[in-house]
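Q: I'm new to this structure. Please take a close look at one part, the pairing of its strands, and explain the terms as you go.

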Amino acid sequence: PLNSMPRDEIVEHYANICKRAAEHGLVCDLEFIPLWGVPTLAMGWDIVKGANAPNGGLVFDVWHFVRSKSTIDLLREIPGDKIHCVQLNDGPLDLPAGVTIKDNCYDRKFPGDGEFPNSEIIAILAETGGLREVGPEVFSPMLKSMTAEDVAAKSRQSTRDALRAAGVET
């Protein structure tokens, strides 16, 4: 749970994990998730920055960014080499009446099928060098009615379209 450990202890644990991973030539990505113990980009970046591990960095998920109410200004401050991968998705900016953040977590849309500021986010990540690994991360009941081939095609096209909309060539 949130605040179950002091910040310095969390940073120390993450730094130790990064050190052990480095011994095996691995990177160690931290994903901030609004429903769990590292709920915001600010907290995730604080941990990664505090650990100061060469192999440490962030997983950046657009849904997590929007739902945690993280800020564009902070995203601009994070060096792109510390964003190890980007997960694109979409949805309504505000949760619909009666829908919890937990419920919405499993009803993500493909990039471009909602109101998230994907173009602005992608443009910032492109400027900072944080677009090295990019792909969709969509969880939704709508996927049940699609074939694997349809999901793959929609994933590929929606990601390409989102990158192009942000001025990023694919």
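A: The strands themselves (E, at least two residues) and the helices (H or I, at least four) are DSSP runs, numbered from the N terminus. Keep in mind that this is a predicted model, where local features need pLDDT of at least 70 and side-chain atom pairs count only at pLDDT 80 or more, while totals for chains, interfaces and linings use all residues. Residues are numbered from 1 along each chain as its sequence is written, and side-chain values use heavy atoms, with hydrogens and water left out.

Begin at strand S1, which covers residues 28-31. One face of S1 is covered, with Cys28 and Leu30 on it, while Asp29 and Glu31 make up the uncovered face. There's a general rule to go with that picture: in a regular strand the side chains alternate between the two faces of the sheet.

Now find the neighbour of S1. That's strand S2 (residues 56-61), and the two pair in the parallel sense over four bridges. Cys28, for its part, has Gly56 as its bridge partner in S2. Between S1 and S2 the chain passes through helix H2 (residues 41-51), and this β-α-β crossover is right-handed: with the strands pointing away from you, the path from the first strand over the helix to the second runs clockwise.

How much of S2 is buried? Six of its six residues are, so S2 is mostly covered; buried means under 20% relative accessible area, exposed means over 50%, and partly exposed is in between (1.4 Å probe, protein chains only).

Move on from S2 and you reach strand S3 (residues 83-88), again paired in the parallel sense, over four bridges. Leu58 has its bridge partner in S3 at Ile83, and Phe60 has its own at Val86. Since six of the six residues of S3 are buried, this strand is largely enclosed by the rest of the structure.

S3 also pairs with strand S4 (residues 134-136), in the parallel sense and over three bridges. If you want a landmark there, take Leu88, which stands opposite Pro136 in S4.

A search of the whole structure finds zero disulfides, a disulfide being a pair of cysteine sulfur atoms within 2.5 Å. Cys18 is in none, and the nearest cysteine sulfur to its own, that of Cys28, is 3.9 Å away. Cys18 is also buried, at a relative accessible area of 1%. Cys105 is another buried cysteine, with 8%.

Gly25 sits in the loop between helix H1 (7-22) and S1, and it is exposed, with a relative accessible area of 67%. Gly25 and Asn55 are 30 residues apart along the chain, yet their C-alpha atoms are separated by 8.7 Å.

The loop between H2 and S2 holds Asn52, which has a positive phi of about 50° although it isn't a glycine. At 64% relative accessibility, Asn52 counts as exposed. Lys69 is another residue with a positive phi, near 55°, and it is not a glycine either. You'll find Lys69 in the loop between H3 and helix H4 (72-77), where it is exposed, with a relative accessible area of 69%.

To finish, return to S1 and its uncovered face, where Glu31 is. The C-alpha atoms of Glu31 and Ala153 are 26 Å apart in space, and the two residues are 122 residues apart in sequence. Ala153 lies in helix H7 (residues 148-165) and, at 33% relative accessibility, counts as partly exposed.

Note on methods: Pairing = 2+ DSSP bridges.
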